[in-house]
Amino acid sequence: MMSFYFSRLVEIYPFFFTGLWMTCKIAFISLFTCTILGFVLGIFRAGDNKILKFIIGIYVAFVRGTPFVVQIFIIFFILPEWGIQLDAFPAALLAMAIMGSAFICEIVAGGINAVPKGQWEAAVSSGLSFVQQLRLVIVPQSMRVILPPLVGQYVLLIKDTSVVSVIGVMELTRVGWVTVVRIPEGLMVFSLVGILYFSISYPLILLSNYLEQRMAVK
Amino acid sequence: MLTDFNFRIIMEYLPLFLGGLKATFFISGVSILLALATGIIACSARISSIKALKYPAIAYIEIIRSTPLLVQIYFLYFGLPTLGLRIPELQTGILALTLNSGAYIAEIIRAGINAVEPGQLEAGVASGLSYLQRMRFIILPQALGVTVPPLLGQAIVLVKDSALLSLISVAELTRAGQIMTSERFMPSEAFFTVAFFYMCIYFVLKALADWSQKRLIFREAY
């Protein structure tokens, strides 16, 4: 029986690679948007504008205080009530962007705050513009603090893409879920799904560990 | 938009939400305690010099950390019955959360132990303390203070992760929102209420974590 199911699983293996490709697509697009959004928000969060800081603070608290699956339900079910119709795929990307940027924002803000104040003052007195201050002085120094947790956050974001399966996006977890209905071998199906996730996440975890060790030596 | 937000419906469904909240408390509380025990065992195995303990622990921790929790939940939910183990959804969910958080807690404790200076350990060896005595009198008192804030952080993550159990139809807080949505089709009322309750738990735990960050570290480690 087991081997019968195994051969059926082998028959439908392209299905899993379609799912893997979808997961990679969602992960890649959201890592990209989250990083850009997260850096912009993080720079403002570490900045001087009190009102902006406060608004970003509320945004971050809401995102960090609620489960990702609830955020997905809010986006997928409630936006249509407000007249914004989104398909599952763009809704998933939007949810990922909102969630990921809030977490990356905190990492970036922490990194920028870790740069000593004297560096800002030196940059200002060298006559650099604000963008130059950030680009040439502050961000390069804060990257040492930002990079290891950022890569760690990337791993979490890639794993969180599994949650968008709840609104029917055909990514890896959803493929497993659809398959297990036809081939009732849960251990086998989800081991395969797990191995595929492992092959993406584990290299990144190793990279994160490596960066942590490297950046710690000063 | 929010002008027609219907509070009456929320009040009507309040018992359902409170029941869900209670279940979320119960699931998270039981899971964090079991995960703490799992984490301590896994960490002891991970740092031991016996290879038969060390490598299985590494495999456990790395496999859990590199796969999504949802896949782990489905693995147990669909996988255990094929092994002939039919356990209810609630227990399956608690088992998944425990195994998941246990791996992260093992790493948190290990980081705490690694944060203790090697000189302290050497001083313990030089004073003629046994391994257990070194752990009990030197390493753990210093390591535990450092681990409290990240452990509370893990508790926050665990409470949020317990929302995923709604997908295997465990009757917790998020499930209450789903039930209300399917019965009345009022998703904003349902999910904003759910989000509100999660935010309350988050703020309490966050305040505790910030407080312990300020206080415990300095008392225990310095």
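Which residues touch the most other members of the largest nonpolar core? In this predicted model, that core holds 106 residues, and the ones that touch the most other members are A:V69, A:V70, A:I72, A:A95, A:V164, B:Y74 and B:V194. The largest share of the core comes from helix α5 (residues 88–113) of chain A, which gives 14 residues.

**Chain A as a whole**

Chain A has nine helices and zero strands, and its pattern, when read along the sequence, is α-α-α-α-α-α-α-α-α.

| Property of chain A | Value |
|---|---|
| Span of the C-alpha trace along its principal axes | about 75 × 50 × 25 Å |
| Share of the 218 residues that count as buried | 38% |

**A pair of packed helices**

Two packed helices are described by the angle between their axes and the distance between the axes. In chain A, helix α8 (residues 172–182) and helix α9 (residues 186–216) pack at an angle of about 170 degrees, and their axes are 9 Å apart. Because angles over 145 degrees count as roughly antiparallel, α8(A) is roughly antiparallel to α9(A). The crossing in which α8(A) passes α9(A) is right-handed. On the side of α8(A), the contact is made by A:L172, A:T173, A:G176, A:T179 and A:V180, while α9(A) contributes A:G186, A:V189, A:F190, A:V193, A:L196 and A:Y197. By class, the residues of this contact are seven nonpolar and four polar, with no charged residue among them.

**Where chain B meets chain A**

The two chains also touch each other, with 31 residues of chain B in contact with 32 residues of chain A. On the chain B side, the elements that give two or more residues are α3 (51–66), α4 (69–82), α8 (173–184) and α9 (187–221) of chain B. Of these, α9(B) gives the most, with nine residues. Sorted by class, the side of chain B that touches chain A has 21 nonpolar residues, seven polar residues and three charged residues.

Notes: Residues numbered from 1 in each chain as written. Chains lettered and ligands numbered in written order. Predicted model: local features only at pLDDT ≥ 70, side-chain atom pairs only at ≥ 80, totals over all residues. Contact = placed C-beta atoms within 7 Å. Helix = DSSP H or I, 4+ residues; strand = E, 2+ residues; numbered from the N terminus. Nonpolar A, V, L, I, M, F, W, Y, C, P; charged D, E, K, R; others polar. Core = buried A, V, L, I, M, F, W, Y, C linked by C-beta atoms within 7 Å. Buried ≥ 20, exposed ≤ 12 C-beta atoms within 10 Å, placed from the backbone. Axes fitted to C-alpha atoms, helices over the stretch in contact; angles between N-to-C directions. Parallel < 35°, antiparallel > 145°, perpendicular 65-115°, else oblique. Left-handed = near helix turned anticlockwise from the far one by under 90°.
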